[in-house]
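Here's a quick briefing to read alongside the model. Have the sequence and the 3D view open as you go.

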Amino acid sequence: MTTSTTLLSVRDVTRRFGNLRAVDALSFDIAEGEIVGLLGPNGSGKTTMMNLVSGALKPNAGTIRLAGDDIAGLPPNRIARQGIARTFQLVRVLPSMNCLDNVKAGLGFGAEPVWGSAADSRAEALLQRVGMAHRCWTLGKDLTYMDQKRLELARALALQPRLLLLDEWLAGLNPSELVEAIELLRKVRGEGVTMVMVEHVMDAIRSLCDRCVIMNAGAKIAEGAPAEALAEPEVVRAYLGDDAHA
Amino acid sequence: MMALSRTTLFGGVLLLAGVIGFALLPGFVGGYGLSMAINFLMFAILATAWAMFSGPSGYVSLATVAFFGIGAYTVAVLGERLPWGAVLLLAAAIAFLVALLVGLSTLRLRGVYFVIFSFGLAELIRQVVNWYESTQAGSVGRYVFLDITQEQIVWQLTAVLALLFIVGWLIERSRVGFALRMIGDDETVALHCGVNITLIKVLVFSLSAAFMALVGAIVAPRWTYLDPSIAFNPNISFQVLIMALLGGARRLYGPLLGVIPMVLLFEYLSTHFPHLFSVLLGVTFLAIVYLVPHGVAGLIEGYVQRYRKRFPGKRGGENAGAKARQGGAL
């Protein structure tokens, strides 16, 4: 792979919860335009890492640079304005607001806020992009699970992010929804959005990701193209246990 | 798209009619009528100001009387020393600053913790004033001898209510109001969308506190005698809460719908059952929360929604346009 400009650079980042090192001196880079899968067994620190990048948690040590600017420890609203958007592991839409307003929530407060009638038409276009043009006036709480996921994606894209963090965005979908959702992500990727995705759905990782970072117990144990990285002995050990016991 | 929708225009006309009505009122009614008008205007401002912050954000505050009392005490202490306009401005400014400090330190509390805190705050301020008056100022009570008539109180309150509606309307349609609704729905989402949630919450909370203090200052001359148990009477916080909830706190005009019946009811209760007032207040509270959880405004809105669902072609203004565009896309 060609080494293009680095968008996100994580260096020696550590986050402790009491005595537990949820993320332990982790380092990795994300290049502009790349889609990187953040993988690992349950409890390996993936979501913690996403929360550190999006500002929901502050690291105890290390630096996180977005296009050269250190963003480690900034509050989430500042990080969102710097161009990092996210979806949530447990899907979060604004329940009492309609879909149009849910997307406008992402438009109005970013680096270049859009408001008024311009926001209305932008929000409609974004809803169309995720296949929800017919849902403009439906309240967030009245949506199906799949539609809530789509809406969350539209809201994240509304921020015009330089980096999009997807935390198990494909989890909980049925097989046909999954095909739809992967197609949707492929479309977003085609528009040049850089993404980091925490994911357990291997099909999605193989078809979408350029590269994987694989974690176990807070540390990186492998990195590289999905097929090779997943085949590394240490990765197999982390997921399945030691050969000797298998 | 129209800059001013039909509802906005309608609201503007109603507001103007209300202002003219109250301005002319003193010529038509006697002392009792004026006193009822003052009660009505006072609670209308308090409940609308309360709902301006607590409605969209979901932060239920019981500190209304803290700011109301600050306004009243500003008049009691400074009323005879400064021009009236300066006293009012100062009352609003002091309440704004107190709310700012309190908000910065406590608006991260959510749900029932904030409710309890706000109640505690009102009591704390009352006790502090009590302590200061009895140990430092020499006497717990103060006299307010100002040459301000009932008519003048009505006019001032009318002006403040009109101003509040304009400010509330501007906030509701601005990004600040939108952000406040986001905060009420999901603070985490708001934060990750780039909203500075602390700033928004503290700003609107302080603004609503300033209006509450203005009311306290304007009605203070009515009492002649003032002490902390009058100015910081916790019943006021509860009454305002009940009125706003009955009317519906998620719409600017909502609280008004609750104020009208409640002022009449409280008037009736306090004259006929003065000793049972607090008990009946509690019963009313329970009945409202149980029977009309989204308030009268919520009921009306529910009917409108059902009507729109049955006759989708009759959507008003901008919605109709969007619907048409959408139809083309499908």
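**A quick tour of chains A and B**

Ala67(A) counts as partly exposed because it has 15 C-beta neighbours inside 10 Å; on this scale 20 or more other C-beta atoms within 10 Å of a residue's own make it buried, 12 or fewer make it exposed, and anything in between is partly exposed, with C-beta atoms placed from the backbone. This is a predicted model, in which local features need pLDDT of at least 70 and side-chain atom pairs count only at pLDDT 80 or more, while totals for chains, interfaces and linings use all residues. Residues are numbered from 1 along each chain as its sequence is written, and chains are lettered from A and ligands numbered from 1 in the order in which they are written.

**Positive phi spots**

- Most residues other than glycine have a negative phi.
- Helices (H or I, at least four residues) and strands (E, at least two) are DSSP runs, numbered from the N terminus.
- Over in chain B, Thr224(B) has a positive phi near 65 degrees and is found in the loop between H9 and strand S2 (225-226).
- Thr224(B) counts as exposed because it has 11 C-beta neighbours inside 10 Å.
- Gly18(A) takes a positive phi near 65 degrees in the hairpin of S1(A) and S2(A), which has two residues between the strands.

**The sheet in chain A**

- Four strands make an open sheet in the order S2-S1-S4-S5, with antiparallel pairing; two strands pair if DSSP finds at least two bridges between them.
- At the edges are strand S2 (20-31) and strand S5 (69-70) of chain A, each pairing on one side only.
- Strand S1 (residues 6-17) of chain A pairs with S2(A) in the antiparallel sense over eight bridges, and Thr6(A) stands opposite Ala31(A) in S2(A).
- Helix H1 (residues 46-54) of chain A lies across S1, S2 and strand S4 (61-66), running at about 65 degrees to S2(A). Axes here are lines fitted to C-alpha atoms, for helices over the stretch in contact, and angles run from 0 to 180 degrees between N-to-C directions.

**Chain B overall**

- Chain B has 15 helices and two strands, and its C-alpha trace spans about 75 × 50 × 40 Å along its principal axes.
- Buried residues make up 42% of the 330 residues in chain B.

**The nonpolar core**

- The largest nonpolar core has 172 residues, and those with the most contacts inside it include Ile45(B), Leu46(B) and Ala95(B). Such a core is a set of buried Ala, Val, Leu, Ile, Met, Phe, Trp, Tyr and Cys residues joined through C-beta atoms within 7 Å.
- Helix H9 (residues 197-219) of chain B gives the largest share of this core, 17 residues.
- Setting aside neighbours within four places in sequence, Leu46(B) is in contact with Thr64(B), Phe68(B), Met212(B), Val215(B) and Val240(B); contact means C-beta atoms, placed from the backbone, within 7 Å.

**Where the chains meet**

- 20 residues of chain B are in contact with 24 residues of chain A.

Note on methods: Contact = placed C-beta atoms within 7 Å.
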